[in-house]
Amino acid sequence: MMQNVHLAPETDEDDLYSGYNDYNPTYDTEELENDTAFQQAVKTSHGRRPPSKTSLASSMGRPMTGAIQDGVTRPMTAVRAAGFTKAALRGSAFDPLGQSRGPALPLEARNEDSPEEKIRQLEKKVNELVEESCIANSCGDLKLALEKAKDAGRKERVLVRQREQVTSPENINLDLTYSVLFNLASQYSANEMYPEALNTYQVIVKNKMFSNAGRLKVNMGNIYLKQRNYSKAIKFYRMALDQIPSVHKEMRIKIMQNIGVTFIKTGQYSDAINSFEHIMSMAPNLKAGFNLILSYFAVGDREKMKKAFQKLIGVPLETDEDGKYISPNDDPHTNLVIEAIKNDHLRQMERERKAMAEKYIMTAAKLIAPVIETSFAVGYDWCVEVVKASQYVELANDLEINKAITYLRQKDFNQAVETLKMFEKKDSSVKSAAATNLSFLYYLENEFAQASSYADLAVNSDRYNPSALTNKGNTVFANGDYEKAAEFYKEALRNDSSCTEALYNIGLTYKKLNRLDEALDCFLKLHAILRNSAQVLYQIANIYELMEDPNQAMEWLMQLISVVPTDSRALSKLGGLYGSEGDKSQAFQYYYESYRYFPSNIEVIEWLGAYYIDTQFYEKAIQYFERASLIQPTQVKWQLMIASCFRRSGNYQKALDTYKDIHRKFPENVECLRFLVRLCTDIGLKEVQEYATKLKRLEKMKEIREQRTKSGRDGSGGPRGRRDGSAGGDGGQNCGAGSRGERLSAQLRALPGMEEPYDSSSNKELDASYVDPLGPQIERPRTAAKKRVDEDDFADEELGDDLLPE
């Protein structure tokens, strides 16, 4: 029994690493070439014989692993328990993927007529309609968005009915119903169909199966706010605030801000102050701080205004420092990253936030500075000191410039200039801004030398300041050097292609240089930027008129009238163009409209009077000539026209009385005496001899004067214009009418039955003091003061009602 027991040999010490170097020659593949038995097996069919189906017994007399004995397979591993009796096919090839079984059976065809499949397809269609509605809304097509939302609502109701027929009510997709109704309410609101939107929101809010539907009362409050139903808006805001848990802090703050804005609109400033004070204590933001200042300003609390301004200054901006975008070294990889993030969307958002903060602070300072102290100057100084001690230190200089602008509004020109001159010793950017405004002020005062001096200072301080270059060009333009002015305007445009003042002025410059095509190009480019600018439209029409293209001129004047329909000068201009084209009816329409808006334009009155004489409506013509005689009482021709209309209408007695009245006012008028002689002769009055004697004496004096004038002109050889009129110096030209007035006068002389001439007295006219926005001053170059300085930003519209997005 012990003969089969082998004891391990005793060793002096145990070797932990023994056995690792033992080598079994069976695994030596390198010696297979020298193995005779192996090579013989490879060359013959011995190595390719199939395995024997009979298993050999081991030397110990037991079956080999996997052998079949008495129909029972001995397990190969312990995974399967003993007694496994399945007779596997031992001769089959290795096929773990089951490829020998052939291709898989085809999928079972979907039954499209089944109710479940119909419901699934309808649900998919509803989702697609909701998405299309949202996309159409984002693209601005509100009508299409509403149609898609309505279609989605109809199909969703059909879907609900089908589900109720097939499955239990618990399986209805509530999320889909909620999204369809919410989208429909949003589209109604976007299309300003507020009653329908409110009804849809009510359906959602009253359904208890929708979770968190109560917060939609915020949107209902927004709709009531748009309808100016402020009491209901506040009610729904408060209901929404009660249903939103305190963990949603940001949403609660926005709803409280809406409540505060609504209180401001209703004039309940104390309640608004409570709301904004709570917001500033919990989560301060710029809009709430600005609205708090407005509320304190409305109640007139000076000390609270100061405290609120300090709170506004202290609101964290939460933006990165500008130094982050400056490369600290010459590492190309770092420079590439900085260049990539310098103007990305996040950086643009930071700029917008900073610009909004500066706007609120500047507007608040301009609002409270005149009222927080005894004078606005002291108030501005307090605001400047507070700003200097804050993170917005660069705004202090802008406040000082605004102080100068306030002096200007108070007509204190000297104080404004002194305030701006204080910036001459500061850094270049501030100095350039102050010098630009000084140049602008002196230019408006027609002190072109001073304006040019400060324009030079502004340009030297900042060569890339387009406003400074524009003002310099203006001073050169005023001196008549149009080519040099054009160079300054071009340089301003190179520095800032959006400088509309420079583009407008260069168009005027080309117009002065008679380079009409280039001027037209400039104004057309400007029209693409400023679509509804009346000045630009007028300039384009005027250039087409100078280019002798009346059709284009009339088309652009029509656009101008659509922008400023009450501009009498544009209407009369359009009437003149139609008149020159021979369309008297259209000309009359526009001249009459011009007369309605400004009944003191002599050219329009003269044309209308001539039109009624031409159409033989003498009574109507008298009305216009009487108005002309009121405007120019020293101009004899209007009274002569009144008398002539009476004579043509057959009212000889009235005509005689009018001529006698004219003779008393203008006793040396030859035409009046001629008509008096003719009328007295026709009627048979005794005064005919008296008037005839006066007429002969005046004609003789007129001949003597003409002879003297002719001899004097022949003797001197100088070109002197001949003066027509009576012997008393009544003859002359109409100074105020211009070329069009001369054409109208010629038209009056050419009317049927007007053989007799009438005198255009040379006495000084009393011109109507009318300044038209499209008149002569439009030719003056635009000045380019700093926009941010010249704007009046604070207004009631700056309430900042931040309604929640729907």
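Colleague: What makes the crossing of α27 and α28 left-handed?

Modeller: A crossing gets that label if the near helix is turned anticlockwise from the far one by less than a right angle, and right-handed if clockwise. The crossing of α27 and α28 is left-handed. This is a predicted model, where local features need pLDDT of at least 70 and side-chain atom pairs pLDDT 80 or more, while totals for chains, interfaces and linings use all residues. Residues are numbered from 1 along each chain as its sequence is written, and side-chain values use heavy atoms, leaving out hydrogens and water.

Colleague: Why is α27 called roughly antiparallel to α28?

Modeller: Helix α27 (residues 602-614) and helix α28 (residues 618-631) pack at about 155°, with axes 8 Å apart. Angles between N-to-C directions run from 0 to 180 degrees, and the axes are lines fitted to C-alpha atoms, for helices over the stretch in contact. Over 145 counts as roughly antiparallel, under 35 as roughly parallel, 65 to 115 as roughly perpendicular and the rest as oblique. Therefore α27 is roughly antiparallel to α28. Residues making the contact (heavy atoms within 4.5 Å) include Leu-608 and Tyr-612 of α27 and Tyr-624 and Phe-625 of α28.

Colleague: And why do α4 and α5 get their label?

Modeller: Their angle is about 160°, with the axes 7 Å apart, so α4 and α5 are roughly antiparallel too. Among the residues in contact are Leu-181 and Phe-182 of α4 and Tyr-201 and Ile-204 of α5. α4 passes α5 in a left-handed crossing.

Colleague: Why does Thr-475 count as buried?

Modeller: Buried means under 20% relative accessible area, exposed over 50%, and partly exposed in between, with a 1.4 Å probe and protein chains only. Thr-475 has 2%, so it counts as buried. Thr-475 sits in helix α19 (residues 466-478), a helix here being a DSSP run of H or I with at least four residues. Beyond four places in sequence, Thr-475 is in contact with Tyr-443, Phe-448, Ala-451 and Ser-452. A polar atom of its side chain lies 2.6 Å from the backbone oxygen of Lys-472.

Colleague: What span is expected for helix α2, and what does α2 reach?

Modeller: The expected span is 1.5 Å times one less than the number of residues. With 24 residues (115-138), α2 reaches 35 Å from its first C-alpha to its last, close to the expected 34 Å. Its buried residues include Leu-122, Val-126 and Leu-129, and what covers the buried residues of α2 includes α3 and α4. α2 is followed by Gly-140, with a positive phi near 90°.

Note on methods. Helices (H or I, at least four residues) and strands (E, at least two) are DSSP runs, numbered from the N terminus. A polar contact is a pair of N or O atoms within 3.5 Å; within protein, one must be able to donate a hydrogen and the other to accept it, and residues adjacent in sequence count only if both atoms are side-chain atoms.
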